[in-house]
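Have the sequence and the 3D view ready, and we'll go ring by ring.

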Amino acid sequence: MIITKTPFRMSFFGGGTDMEDYFRECGGAVLSTTFDKYCYVTVRHLPPFFEYSTDITYSKSERVKSVEEIEHPAIRNAMQMLDMHELRLTYDADLPARSGLGTSSSFAVGMLNAFYALKGKYADKRKLADDAIYLERILCGEAGGWQDQIAAAYGGLNRINFSADGYEVFPIVISPERKERLNENLMLFFTGFTRFSSEIQKSAAADKRDKRQLLGEMHTLVGEAERILTDKRSDLDEFGRLLDRTWHLKRGTSHAVSTENIDMLYERGISAGALGGKLLGAGGGGFLLFYVRPEAQAAVTEAMEGLLHIPFQFENDGSRVIHYSPEKYEQKVNI
């Protein structure tokens, strides 16, 4: 039996510039972190006593006689990709799916990590990120960028650069005290709305407005935000004000990014004392992130009455195997 633990991510700056059709030509960058909310994937080989050969539990249950019958596209394609057979797989998570935290990519990374471990193979962070990008974007044909898979595999507070040559991951070098202060000034609220990121991405792609100037400005803000974090002489509150700038830029990239309800909630947070914030993920719903000085946090919490506040801490590990029990396995032969 294998159990993997894979973090969710929050993207601060540069989202949208991680789309391959954009960064291959223009370059891109993202500043993001993972935090202490996780998905857990458990896999083991299914004992040969059942009519079905694969037993899968996520938001629904599937019991099938062949891999080709699996409805979940990521599980089906991953099992075919790594030649996996006769499995029992379960998925559990601390936060809901389709909420702007890269949950589907965290699942993809955690599942691949578990499959490799079940085969007795080690996959490093780069391998997990590359395979998850290939799984979701090529095999499953899902629209979206590359940042989620990379963040889930690597973990930590990073700048991820994108270019025609692919991507590079650079940890943000920041003192523990400054990082803790940043963490303390961030507040996360669940709006109650969920959506499929790929649907938002497709809607955004169909929007014919020229987004290159906006994406270029969003790319520039990554460098500004990194400078604020790494220069101890800089006022950390400027990070919050930059979040407000990037949110307004992001709203300009597509009508699908926000809704009247999201805009209302955001303005309530700003009026209560937040210096800035943004909706996490592709847009349309999920989690609102605010940067709030400690003295204003009670007022912002009151302004978000009815929304669930999610306390969190940054994490640095990325996807990892937390339980490993090797199994003797011989594939059943159908006669």
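## A buried phenylalanine and its partner

Phenylalanine 162 has a relative accessible area of 3%, so it's buried (that means under 20%, with exposed over 50% and partly exposed in between, using a 1.4 Å probe and protein chains only). Phenylalanine 23 is buried too, at 1%.

A quick note on the source: this is a predicted model, where local features need pLDDT of at least 70, side-chain atom pairs count only at pLDDT 80 or more, and totals for chains, interfaces and linings use all residues. Residues are numbered from 1 along each chain as its sequence is written, and side-chain values use heavy atoms, leaving out hydrogens and water.

## Ring pairs

Searching the whole structure turns up 14 aromatic pairs. Rings of Phe, Tyr and Trp (its six-membered ring) pair if their centres lie within 6.5 Å; planes under 30 degrees apart are stacked, over 60 edge-to-face, and the rest tilted. Phenylalanine 23 and phenylalanine 162 have centres 5.1 Å apart and planes at 35 degrees, so they make a tilted pair.

Ring pairs also join Phe23, Trp146, Phe162 and Tyr167 into a cluster.

## Another tilted pair

Phenylalanine 190 and phenylalanine 287 form a tilted pair as well, with 4.8 Å between centres and 35 degrees between planes. Phenylalanine 287 is buried at 0% relative accessible area, and phenylalanine 190 is buried at 18%.

## A charge over a ring

The charged end of arginine 126 sits over the ring of tyrosine 167, 3.8 Å from its centre. For this, NZ of Lys or CZ of Arg must be within 6 Å of the ring centre and within 35 degrees of the ring normal.
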